[in-house]
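Here's a quick tour to read with the model open beside you. Take it section by section and click along as you go.

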Amino acid sequence: MRLNFRRKKVPKTEEHAPKVENGFSAVSVMGQSERESYKPILMLLESQEGKIYLHWDKPALEYKKCGICFPVVKLQLCGTELTIVSRDGMQESDVVDTIDMSDANPCSHLFISDNELECSNTSSLVAEDPKLLVRVQRAILLLQFERLSLYKSLTATLISSFGLNIPDIHLILQNTYPYEDWCYIRVDGSWMKVWAQVDTFQKAALKSMPRSVKFFKDNKSLTKKNLVCYIQDSGIVDEVFFVRDPFPDSDVSTCKVEEMDSFLAHINTIKYMGEVHWATTSPSVNNSRSSSISGGSPPSPSKRSAGVPKAINTHRRTLSHLSTWSNLSGDSSEQLKPDADVSGLLIKPIPHGGIHHMESMVRFVIPMYDCLGLYGRPFGFKLDHEDIDSLLFGLPKLPNIDYMAQEEFEMFLDQSSDTPTAWRDLKTFLSSRMKDPSRSQMHFKTLTYAASIS
């Protein structure tokens, strides 16, 4: 796979695909060769959705829910779902609970304390043997890593395909001017419309601030007083890549190859994993939020002036996690040291009329890569699967569908890892394992396995 932006010579007999707007099929703007390039990634994503990471019958575990413990009859981790079957002694019946582990922030609910593994805000697993809890914790981390890493690789393919069709892609890659445009960011469980400003790699747009990706309440005043939050290039930055809308208005298709059109049409959100610095929660900011946030999903391009639809209930970041910024109006960068919120950020670029939404995504994310120095940018994308700084890092080569061999997972259980740095710990471990010549002799699940459980 190459991120090659040289424009193709199109034979005169070949018809150009029509330019489409957001809401239409993302695949319809590509030729057959581009369409074929998506199949390997979608096959891996489809296999991951059905992959069984753990399956235990009558494990020595208890399921603690709302302070009450129930014996676990069966535990299964499949795809992104943790299914726990527990026995209710009072009702003399089995109770099935399914917890979605495709959390926006890997390991956000995976703390082990006092022989108890937190699975969600209201539930946990309890065991006398802490090794059982460690195995569950690491299996959940692995599934999150595999799933999100596949979206990283999908992002590389999308950038390559759609970059070819952007007339001024050479100007975007040169990173000469700051990128500025409207977008939505996810704040406190709702979408907030903001003005984004992405600094170039050479210098920051605001002299009093470090090079960063900034989000303002509007484009009337690009000052610190009008700032909502920012991402600093020297902070903890893990990943930036495309994902499906985590909060769609309607059911979206699964990532099956035969449903490629619908699946890719819903890749409309940029996921940032790392530190976010938030402005103060003063009345002015709160008022801006109340006037800007009113929806579970951003409006379509044709209805943006009508406002955002009604909000949906999601995990809400408490005010204690937000940074306080007492010196917001100061001029010295020494004052820009709020406590960072490490829960990341979801960003949804707003397509312009007549522009496919994926083009808006590419125009937004490449300047982010340049500003934050990710994946080899601004000098050139790193494409080696064994390079820990590549979008393609660890990508399995079909027919293998595992990022980590079964023997390597057993090794990973013995690795010390702190929950806040678990993502980076896993990447470092996998990077070291990929240098082992004997790795090719280890056991990886293949497409044959995926077909047997489908």
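## The overall picture

How many helices and strands does the secondary structure of the protein come to? The count is nine helices and 16 strands, where helices (H or I, at least four residues) and strands (E, at least two) are DSSP runs, numbered from the N terminus. Keep in mind that this is a predicted model: local features need pLDDT of at least 70, side-chain atom pairs count only at pLDDT 80 or more, and totals for chains, interfaces and linings use all residues. Residues are numbered from 1 along each chain as its sequence is written, and side-chain values use heavy atoms, with hydrogens and water left out.

Of the 454 residues, 51% count as buried (under 20% relative accessible area; exposed is over 50%, partly exposed in between, with a 1.4 Å probe and protein chains only). The protein exposes about 21,300 Å², and carbon and sulfur atoms supply 50% of that; the areas come from the Shrake-Rupley method with a 1.4 Å probe, and for residues only the protein chains shown count as cover.

Start with strand 10 (residues 212–216), where five of five residues are buried. In a regular strand the side chains alternate between the two faces of the sheet. Here both faces are covered: Ser212, Lys214 and Phe216 are buried on one side, Val213 and Phe215 on the other.

Strand 9 (residues 190–198) runs antiparallel to strand 10, joined by four bridges; strands pair if DSSP finds at least two bridges between them. Gln197 has Lys214 as its bridge partner in strand 10. Strand 10 also runs antiparallel to strand 11, this time with five bridges. Phe216 is partnered with Leu227, and Ser212 stands opposite Gln232.

Strand 11 (residues 227–232) is mostly covered too, with six of its six residues buried. Strand 11 also pairs with strand 14 (residues 277–278), antiparallel over two bridges, and Cys229 has Trp278 as its bridge partner there.

## Helix 2 against helix 8

How do these two helices sit? Helix 2 (residues 130–163) and helix 8 (residues 422–433) pack at about 80 degrees, with their axes 11 Å apart. Axes are lines fitted to C-alpha atoms, for helices over the stretch in contact, and angles run from 0 to 180 degrees between N-to-C directions. The two helices are therefore roughly perpendicular (65 to 115 degrees; under 35 is roughly parallel, over 145 roughly antiparallel and the rest oblique).

By class, the contact of helix 2 with helix 8 has eight nonpolar, two polar and two charged residues. Nonpolar covers Ala, Val, Leu, Ile, Met, Phe, Trp, Tyr, Cys and Pro; charged covers Asp, Glu, Lys and Arg; the others, Gly among them, are polar.

Lys51 is in the loop between helix 1 (32–50) and strand 1 (52–57). Is Lys51 buried or exposed? Lys51 is buried, at 1% relative accessible area. Leaving out residues up to four places away in sequence, Lys51 touches Glu146, Asp402 and Tyr449, among others.

Ala405, in the loop between helix 6 (357–372) and helix 7 (406–413), is buried at 0%. With the sequence neighbours up to four places away left out, Ala405 touches Met442, His443 and Phe444. Asp168, in the loop between helix 2 and helix 3 (169–174), is partly exposed at 24%. Asp168 and Arg363 are 195 residues apart in sequence and 9.9 Å apart in space, C-alpha to C-alpha.

How values were computed
Contact means heavy atoms within 4.5 Å.
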